[in-house]
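I opened this notebook to keep track of what I looked up, one entry at a time. Each entry records a place I checked and what I found there.

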Amino acid sequence: MTASSTPFPAGFLWGAATAAHQTEGNNLNTDNWAAENAAPPRFPERSGDACDSYHRWQEDLDVVAELGLGAYRFSIEWARIEPASGYFSNAELAHYRRMVQGCLDRGITPVVTLHHFSSPLWFRQDGAWTGRSAVERFARYTEAVLPVLEGVEWVCTINEPNMVSMAEARMSSTPPSPLVPGAPALSDAAFDGLVAAHHAAREVLAGVSGLRSGWTIANQNVTAVGGADEAAARVRASIDDRFIQAARDDDFIGVQAYSRMLIGPEGLRAPRGTRRTQTDWEYYPAALGEAVRHTAALVGDVPILVTENGIATADDAERVDYTAQALAGLRAAMDDGIDVRGYLHWSLLDNYEWGSWAPTFGLVGVDRVDFTRTIKPSGRWYGEVARSNGARLDDPAFLEELVR
Ligand code: BGC
């Protein structure tokens with residue numbers, strides 16, 4: 001490991017991230033719940049009670065505080081706040097307000113996402129992001145949540161719109177990508193709707209003093225192999241770059257990176273023979289540094305917040321190795337002048353991974369029956385890294401002591 005032992009800049013945010021559908025449980029009014037519980041179900045496993053964070057959010061915040069982390073990214077669930085089109089639940093707005101207040105009371109900076117993959121079922125039935133009134137509806141929802149956001153500094157409008165466009169293409173049976181064989185297709189109509197909805201939400205949020213808004217992009221680190229530079233550039237432009245470029249006037253951009261996508265002369269190339277994680281992605285800790293550099297090159301002065309990075313592994317020492325290397329890459333990018341304001345590890349909890357419970361991304365384990373939270377050694381390690389503002393990254397004895 002080649003991490004710098006110099007602390008990160010003062011005020012750097014160290015935190016962890018989750019999302020409502022993956023942790024709250026019984027998220028009944030969403031399109032995801034409907035798909036998980038359809039006959040036959042569209043996924044191998046359902047979210048069910050998830051981590052019961054809807055009721056246990058205070059325990060979650062206590063764990064964040066106990067670890068020594070200063071920030072918590074979570075999402076608020078549109079389908080709870082507006083379970084029927086045009087009906088806004090004051091009780092649910094109050095619930096999320098209590099969560100924000102719970103963060104502030106504990107000295108934790110809340111990073112709030114307005115849309116993290118799951119949508120109200122009625123929104124899906126009306127065509128989701130390609131529906132006629134999608135933009136107005138998202139803006140109306142954003143307006144409704146303004147009271148929840150008082151005192152919140154960081155708001156992510158839409159999580160990973162590039163992955164959302166990919167999912168929309170799958171659902172609408174868009175033909176395979178014309179770019180290169182095997183590359184995922186994206187829905188251009190969804191892209192247009194998402195960009196417009198993001199900008200409309202930003203306009204609503206612009207009125208709140210002290211609030212910065214942006215969106216978070218799943219950087220695929222598209223990499224050319226065997227001289228396929230042009231093909232890789234075409235895929236990169238479609239999958240990542242147009243979404244990153246749409247953030248050029250934003251207050252910040254969220255970078256999320258886990259691995260990379262290889263494009264060879266034959267098309268999409270599986271990372272054969274390399275080390276893989278539980279999600280079958282290439283083990284590639286350099287992803288974060290590369291994604292941050294690529295993003296900065298496209299957005300210029302827009303500050304970066306790393307809103308997700310982590311690894312699905314049953315081997316907790318591997319989580320430490322991966323994260324330490326990812327942070328070293330991040331630090332090197334910052335040393336080269338890139339303005340990064342914080343790092344939010346994915347994920348605080350072992351949670352529902354969109355169709356399966358098998359991949360474990362958490363710094364904290366969760367018992368699937370009684371929901372007990374158990375901090376893993378990697379959580380303690382990351383907490384110490386955070387408390388030392390990164391200085392302990394270069395302390396191997398400390399690693400041994402905590403993890404092995
Ligand atoms: C998503 C998370 C997901 C994680 C790991 C990101 O794409 O925002 O919801 O759990 O990656 O797959």
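**Entry 1: Pro40 and its loop.** I began with the loop that connects helix 2 (31–36) to helix 3 (53–67), where Pro40 lies. The model is a predicted one, and I kept that in mind throughout. I checked the peptide bond between Ala39 and Pro40 and found it cis, with omega about -10°.

**Entry 2: another cis bond.** I then looked up the bond from Trp346 to Ser347, which is also cis, with omega near 15°. Ser347 sits in the loop between strand 11 (340–346) and strand 12 (364–366).

Entry 3: Eight of them form a closed barrel in the order 1-2-3-4-5-7-10-11, and the pairing is parallel. From one strand to the next, the twist averages 25°. As a reminder to myself, strands of a sheet pair through backbone hydrogen bonds, either parallel or antiparallel.

I went through some of the pairs. Strand 1 (residues 13–17) and strand 2 (residues 71–75) are parallel and share three bridges. Ala16 has Tyr72 in strand 2 as its bridge partner.

**Entry 4: strand 4.** Which strands does strand 4 pair with? Strand 3 (residues 109–115) pairs with strand 4 in the parallel sense, over four bridges. Strand 5 (residues 212–218) is joined to strand 4 by four bridges, and these two strands run parallel. I noted a residue pair for each. Thr113 has Cys156 of strand 4 as its bridge partner, and Asn159 stands opposite Thr216 in strand 5.

Is strand 4 buried or exposed? I checked residues 154–159, and six of the six are buried, so strand 4 is largely enclosed by the rest of the structure.

**Entry 5: Glu160.** I moved on to the loop between strand 4 and helix 8 (161–171), which holds Glu160. Glu160 is not a glycine, yet its phi is positive, about 45°. I looked up the relative accessible area of Glu160 and found 8%. The cut-off for buried is under 20%, so Glu160 counts as buried.

**Entry 6: the ligand.** Glu160 came up again when I turned to the ligand, being one of the closest residues around it. The ligand is surrounded by 13 residues, and the closest are Gln22, His116, Glu160, Glu308 and Glu353. I sorted the shell by type and got six nonpolar, four polar and three charged residues.

Next I looked for polar side-chain atoms by the oxygen atoms of the ligand. For Gln22, a polar side-chain atom lies 2.8 Å from a ligand oxygen. For Asn159, an N or O atom of the side chain is 2.9 Å from an oxygen atom of the ligand. For Tyr258, the distance from a polar side-chain atom to a ligand oxygen is 3.4 Å. How much of the ligand's accessible area does the protein cover? On its own the ligand has 310 Å², and the protein covers 93% of that.

**Entry 7: Phe371.** I looked up another residue with a positive phi that is not a glycine: Phe371, at about 65°. Phe371 is placed in the loop between strand 12 and strand 13 (373–375). Its relative accessible area is 9%, and Phe371 is buried.

Entry 8: Ile263 has Leu268 in strand 9 as its bridge partner.

**Entry 9: Leu104.** My last stop was helix 5 (residues 90–105), where Leu104 is found. Leu104 has a relative accessible area of 33% and is partly exposed. I also took the distance from Leu104 to Arg293, which is 189 residues away along the chain. Their C-alpha atoms are separated by 32 Å.

Note on methods: Residues numbered from 1 in each chain as written. Predicted model: local features only at pLDDT ≥ 70, side-chain atom pairs only at ≥ 80, totals over all residues. Heavy atoms only, no water. Near = heavy atom within 4 Å. Polar contact = N/O pair within 3.5 Å; in protein donor to acceptor, adjacent residues only side chain to side chain. Areas by Shrake-Rupley, 256 points an atom, 1.4 Å probe, with all protein chains shown as cover. Nonpolar A, V, L, I, M, F, W, Y, C, P; charged D, E, K, R; others polar. Buried < 20%, exposed > 50% of the residue type's maximum accessible area, 1.4 Å probe, protein only. Pairing = 2+ DSSP bridges. Axes fitted to C-alpha atoms, helices over the stretch in contact; angles between N-to-C directions.
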